[in-house]
Amino acid sequence: PTFRNAAPLWCSACLCALRLCIHVCVYMPSALLAAAAATSSQAVTNVTHGRSLVAHDISRAGTFCLGGKLVPLTFLLGCQRCGSNSLYEDIVGSIRGARSGHALRGEPDYYAREQHFYATDSWSRGMGFYADHFPECPGRNAHPQYQFTVDATPAYLRKPIVADRLQATLPGAAQPLLKFVVILRDPALRLYAYWDAFVLSGTGVKNFDNWLKVTMDAVRECQRNHGDDLWPPPDTFHCDEDTIEGVAAGVYHAQLEYWFKRFGPKRFLLTSTDAYEEDTQRVVKDVSHFLTGSAELASPARHPSNIDSIKVFGGMSSDARTKLGRFYQPHNSKLLHLLTHQTQVTFSPSVKQLGVQGWIAGG
């Protein structure tokens, strides 16, 4: 019904601007219509995952507006417990043109930076709801500086549905402007921090070694019945999805291969927790150049103290560290092979300085 109501608008656009026939207008898929009609900086209309019509506009400077709001085309995909919150604060606080989002009434404060829209049922509420989390677009008479917002939901990297929804939802003219920043961390340390932050009940809530034994038993049972591949988490009763997802979140090579194939590797900048901590200014300048074309920061990166929130003080036992190192070693080796053969990905500062070799040696 939404498409039928919109058809006269599309046909007018097609006949006047593109000189296509009415038959093509009526039966052309909405994604192709959006890509064809959105060929200028004028506000146009796009069918948003079959639910509503939302006007969008791309200025000469590249600023993207949808529904009158600065809706993100830049995504800090994760990983979770890797320092993405801190990096987001440095992007918004130091990179020229970056503007922050805001939580809506009744939402937790962190929804200002991570909206979880593309990964949860919130998606069914439509792009208008999502757009309300972001500031108004600058007026046409405003300074022509490029402006942008960032969705820094750290679970996006490990959620295949996010890539599907991005391509189904955003206008065709916006797709080539998508950019993705990823910060990675030694997966053994990431899982330890995940346990510390999110395991609040059940076996091992106060003892990581006990939790790890139960968790890895569940992983092995899943692999016996389903096969070795853990990402995306198998949708079968043999595998507890929540348990498997926590471990599989550190299987970075499979996730990145998926995202590279969907959007192309040149859309990605990769860094790591170690690199970010060791040379914060360099990493934030690299991110700035990747996103805006300029490495000049509006102010020095602050390297907020909340990077400490992902660290578990006291350290894991040597036995647990050895077990996780051995488990993740083949996955880390595949990650290193993938990255060293990627010539279009932007690395900050470099593939070597991400520290993946050290993760492998830890196994």
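Is C222 buried or exposed, and at what relative accessibility? C222 counts as buried, because its relative accessibility is 0%. Here, buried means under 20% relative accessible area, exposed means over 50%, and partly exposed is in between (1.4 Å probe, protein chains only).

Before the points, a word on the model. It is a predicted one, in which local features need pLDDT of at least 70 and side-chain atom pairs count only at pLDDT 80 or more, while totals for chains, interfaces and linings use all residues. Residues are numbered from 1 along each chain as its sequence is written, and side-chain values use heavy atoms, with hydrogens and water left out.

1. Let us stay with C222. Its disulfide partner is C239, with the two sulfur atoms 2.0 Å apart; a disulfide is a pair of cysteine sulfur atoms within 2.5 Å. The link is right-handed, with 90° about the S-S bond. It joins distant parts of the chain: C222 sits in helix α8 and C239 in the loop between α8 and α9, 17 residues apart. Helices (H or I, at least four residues) and strands (E, at least two) are DSSP runs, numbered from the N terminus. C239 counts as buried because its relative accessible area is 7%.

2. The structure has three disulfides. Another one pairs C65 with C137, whose sulfur atoms are 2.0 Å apart. This link of C65 and C137 is left-handed, at -135° about the S-S bond. The pair connects distant parts of the chain, 72 residues apart: C65 belongs to strand β3 (residues 64-66), and C137 to the loop between α5 (127-131) and β5 (150-151). Both C65 and C137 are buried.

3. C79 and C82 also form a disulfide, with 1.7 Å between their sulfur atoms. Their link is left-handed, with -80° about the S-S bond, and both C79 and C82 are buried. If you number the bonded cysteines of the protein chain in sequence order, the pairing reads 1-4, 2-3, 5-6.

4. Now to the charged side chains. The count comes to 14 salt bridges, a salt bridge being a side-chain nitrogen of Lys or Arg within 4 Å of a carboxyl oxygen of Asp or Glu. One of them joins R302 and E89 (4.0 Å, N to O). That pair links distant parts of the chain, 213 residues apart, with R302 in the loop between α12 (280-292) and α13 (318-340) and E89 in helix α4 (residues 84-94). R302 counts as exposed because its relative accessibility is 54%, whereas E89, at a relative accessible area of 26%, is partly exposed.

5. D164 and R262 form a salt bridge too, their closest N and O atoms being 2.5 Å apart. Here two helices are linked across 98 residues: D164 lies in α6 (residues 160-169) and R262 in α10 (residues 252-263). D164 is partly exposed, with a relative accessible area of 35%, and R262 counts as partly exposed at 27% relative accessibility.

6. Back in helix α8, D217 and K213 lie four residues apart, about one turn of the helix. Their side chains meet in a salt bridge (3.2 Å, N to O). D217 counts as partly exposed at 32% relative accessibility, while K213, at 53%, counts as exposed.

7. D235 is in the loop between α8 (208-226) and α9 (241-248). D235 is exposed, because its relative accessible area is 77%.
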